[in-house]
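User: I am new to reading protein models. Could you take me through this one, feature by feature?

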Amino acid sequence: MKYRESVKARLIETEEGFYVIAGTIRKESGMSSSYFLVDTGASNSIFIADVATHILGKSLLVGLGRTIHSYTGMVSLSISNVRVMMEAHLVERSMLPSIKGYAISGILGSDFFLSNKVVLDFSTSELYQQTSQRSDTIYGCFPMSLGMESYKVPMLMLENAGGCFFFIVDSGSDINIISANSLERIQDVTKEGSESFCIQSLAACSQSVEYIIPFQIHSLTGRQQIMERFACPVTGGKDVKCQDALFDINGVVGNAFLRKHKMVLDYHQKLFYSMTGFGC
């Protein structure tokens, strides 16, 4: 897809701690103002069914632990006055998450970010299109290939007591989450209070107990110790493994992590990195 001008939009942080961008989307009645959830933990973009310009056929949308019957179709949206035509999954409005104060018409996932060479900069709260390679040194840098090959979403590997743990880099979650069976393998945890958490991309909420967990983080430029807060579900909360994937998913690092470390996800260079070098 080619543009006469680049996409650039502000990442709007909602009251609950999620990120949306403003735009317009084509409906039968014409172009309508709307908002789109920015979800790095979603491999496919999803829109409400009544915005399709063409229906291509029935489809199955396979997520983490569930399958959704949907349609595929073409949708037309504009971001910062740049028109984007794209193929996406189409579902009923009730299947999309509810964001307080914002009418959500769709979820933008990795297929959108990759095909449009998007950069998500959580240090400046911007989404923009990248057309050239960075030449300066990037600290705290990770290749996206780890997750893209298995789950089609960016993944981060953390280490504790010699064990490796794999987390989805997920802006569809407002907090960091770890599975119960993964927590059993962790050393030196500190238990905090109980609370509820929500993963908007899955429209799932649960009660949890919060823990402070030490991890070693390994980037292309070195190793560093970090301390992070993770919620562990009170019920369920097992590791997830999709068919033919190379490793289990132990949890997600959400917007709490993205904001704290001023993360940048560069889908053009297929890298993500911290503007602080993962300083605590």
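User: Which way do the side chains of β21 point?

Analyst: In a regular strand the side chains alternate between the two faces of the sheet. In β21, L271 and Y273 point one way, and F272 and S274 point the other way. All four of these residues are buried, where buried means under 20% relative accessible area, exposed means over 50%, and partly exposed lies in between (1.4 Å probe, protein chains only). This is a predicted model: local features need pLDDT of at least 70, side-chain atom pairs count only at pLDDT 80 or more, and totals for chains, interfaces and linings use all residues. Residues are numbered from 1 along each chain as its sequence is written, and side-chain values use heavy atoms, with hydrogens and water left out.

User: How are helices and strands assigned?

Analyst: They are DSSP runs, numbered from the N terminus: helices are H or I with at least four residues, strands are E with at least two. This chain has four helices and 21 strands.

User: Which strands pair with β21?

Analyst: Two strands pair if DSSP finds at least two bridges between them. Strand β20 (residues 263-266) pairs with β21 in the antiparallel sense over four bridges. In that pairing, M263 has S274 of β21 as its bridge partner. β12 also runs antiparallel to β21 (residues 271-274), joined by three bridges. Here F142 has F272 of β21 as its bridge partner.

User: Where do other positive phi values occur?

Analyst: S125 has a positive phi of about 55 degrees. S125 sits in the loop between β10 (118-121) and β11 (126-129), and is partly exposed at 25% relative accessible area. A161 has a phi near 55 degrees, also positive. A161 sits in the loop between β13 (155-160) and β14 (163-169). With 56% relative accessibility, A161 counts as exposed.

User: In what order do the strands of the open sheet lie?

Analyst: Six strands run in the order β1-β11-β10-β20-β21-β12, with antiparallel pairing. β1 (8-10) and β12 (141-143) stand at the edges. Each has a single partner strand, so one side of each lacks a neighbour in the sheet. On average, neighbouring strands of this sheet are turned by 10 degrees against each other, direction ignored.

User: What makes up the largest nonpolar core?

Analyst: In soluble globular proteins, nonpolar side chains tend to be buried together. A nonpolar core is a set of buried Ala, Val, Leu, Ile, Met, Phe, Trp, Tyr and Cys residues joined through side-chain atoms within 4.5 Å. The largest one here has 65 residues. F47, L120, F215 and L265 have the most contacts inside it. Strand β8 (residues 82-91) gives the largest share of this core, six residues. A second, separate core has 11 residues, including V153, I175, A231 and F247.

User: Which residues does L265 touch?

Analyst: Contact means heavy atoms within 4.5 Å. Neighbours within four places in sequence are left aside. The contacts of L265 then include V118, L120, F122, M144, L271 and F272.

User: How far apart are L114 and H268 in sequence and in space?

Analyst: They are 154 residues apart in sequence and 6.8 Å apart in space, C-alpha to C-alpha. L114 lies in helix α1 (residues 110-115). L114 is partly exposed, with 30% relative accessible area. Beyond four places in sequence, L114 is in contact with M148, Y267 and K270. Across the chain, residues 24 or more positions apart account for 62% of the contacts with a separation of 6 or more.

User: How many disulfides are there?

Analyst: A disulfide is a pair of cysteine sulfur atoms within 2.5 Å. By this rule the count is zero.

User: How much of the chain is buried?

Analyst: Buried residues make up 52% of the 280 residues.

Technical notes
Axes fitted to C-alpha atoms, helices over the stretch in contact; angles between N-to-C directions.
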